[in-house]
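Dear colleague,

I am handing over the structure we spoke about, and my notes on it follow below. Please read them with the coordinates open beside you.

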Amino acid sequence: VTVVDLLYSKYHILPDLGVHDPTCCIADTIFVDICESRSDEFDSIGETVWEASLILCSYICRNFDEFKNHNIVELGSGVGLLGILIAKLKILFDEGNDDYNSFVTLSDYDSNILNILEVAIERNFNFYEEKFHVGNYCRKLDVNVQYINWELFRPPWKNTTIEIVTKNTMKSGCIIGSALCYMSQHDCVADVIHYYFHNSGINKAVICQIGDRDGLQQFLARLTALHLNYTVSEVSSEVYESAGSAIYCQALAPLWNDKEINLDSGNNGNNNHTPQDDFNNVKMQFPKRFLFDLPVLCGKSLSDSANGVSNSNNSTEKSQFHNHLLRTKREAFIIVTVIADSECS
């Protein structure tokens, strides 16, 4: 019995957690489509999947109860892998009723990345109540893209361009992010967290970092200066091994201006256009499909959580993908958890 069968028989709706294929909506497997860019430009650094994102994907799957029924704001979303995964997990496993609405916000500051995120939402969610809104059988989940420039959050808080969900509309929430601090000026991530803690229902932040990156110590020092309570913990062997063995990737056909191209062709419809031009141009896009093996990632079967739904096609699907995507050792990663005190709520 798939989620499609279950929901259609009971609620007469057909959700789609895969890409263009309702059969991808199965409790033990989640698919996420993203699109990377190939460029040597530093500004394109957010247009690829970082290893810390894979680690945090694994961490969230294994500790989903910490994020369940919470609104989510992801900082520095990049290509959107982490944010889209948690949105799909919430569709499957959040609890609530028809009157309860929640959201997942994917954010970044670069206009190119924001466009990539909007396209990723369109590719991954094929059923809408309105643009970028996803409906499921027990609640409405708003998956949206937001411009967030961290520098704007440095006090004093006077910049009217900061868009924030107020306490009246956001009861409980969590900030997530991966590899956010890799330059000294990224200490302002602490100011973003501080602002959200004092001006919204967000009361927790979970960030995965590589411990030796520039900016991390400045970030931790800024948390201390702002009197924010935080802990730094190592990544468990279970989380690390699951990220390496249970997250699979499949490279799809490259895109040129949102159209599939043939890299073996000499012109692709343009007599002056060569495959090398594609590789050298920042507009070259490399779509990838990620498969998340939830029972391994979560350390248990999710059939109970998904009302008895199981997946019989998992092994067949995985044969089309490859895993072992991590190259950095487990000891290099850390998890920074920031908790709001009573004065922030």
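A nonpolar core is here a set of buried Ala, Val, Leu, Ile, Met, Phe, Trp, Tyr and Cys residues joined through side-chain atoms within 4.5 Å, where buried means under 20% relative accessible area with a 1.4 Å probe and protein chains only. The model is predicted, so that local features need pLDDT of at least 70 and side-chain atom pairs count only at pLDDT 80 or more, while totals for chains, interfaces and linings use all residues. Residues are numbered from 1 along each chain as its sequence is written, and side-chain values use heavy atoms, with hydrogens and water left out.

Of the 345 residues in the chain, 52% count as buried. The largest nonpolar core holds 59 residues, of which I60, F67, F290 and F292 touch the most other members, and α3 gives the most to this core, with 10 residues. Apart from it lies another core, of 30 residues, including F153, I207, L223 and V336.

Leaving aside residues up to four places away in sequence, F67 touches Y59, I60, I72, I86, K90, C174, I176 and V206 (contact means heavy atoms within 4.5 Å).

Helix α2 (residues 51-62) packs with helix α3 (residues 81-93) at an angle of about 15 degrees, their axes being 9 Å apart; the axes are lines fitted to C-alpha atoms over the stretch in contact, with angles from 0 to 180 degrees between N-to-C directions, and helices are DSSP runs of H or I with at least four residues, numbered from the N terminus. The two helices are therefore roughly parallel, a term for angles under 35 degrees. Among the residues of α2 that meet α3 are C57, I60 and C61.

Best wishes

Technical notes. Parallel < 35°, antiparallel > 145°, perpendicular 65-115°, else oblique. Buried < 20%, exposed > 50% of the residue type's maximum accessible area, 1.4 Å probe, protein only.
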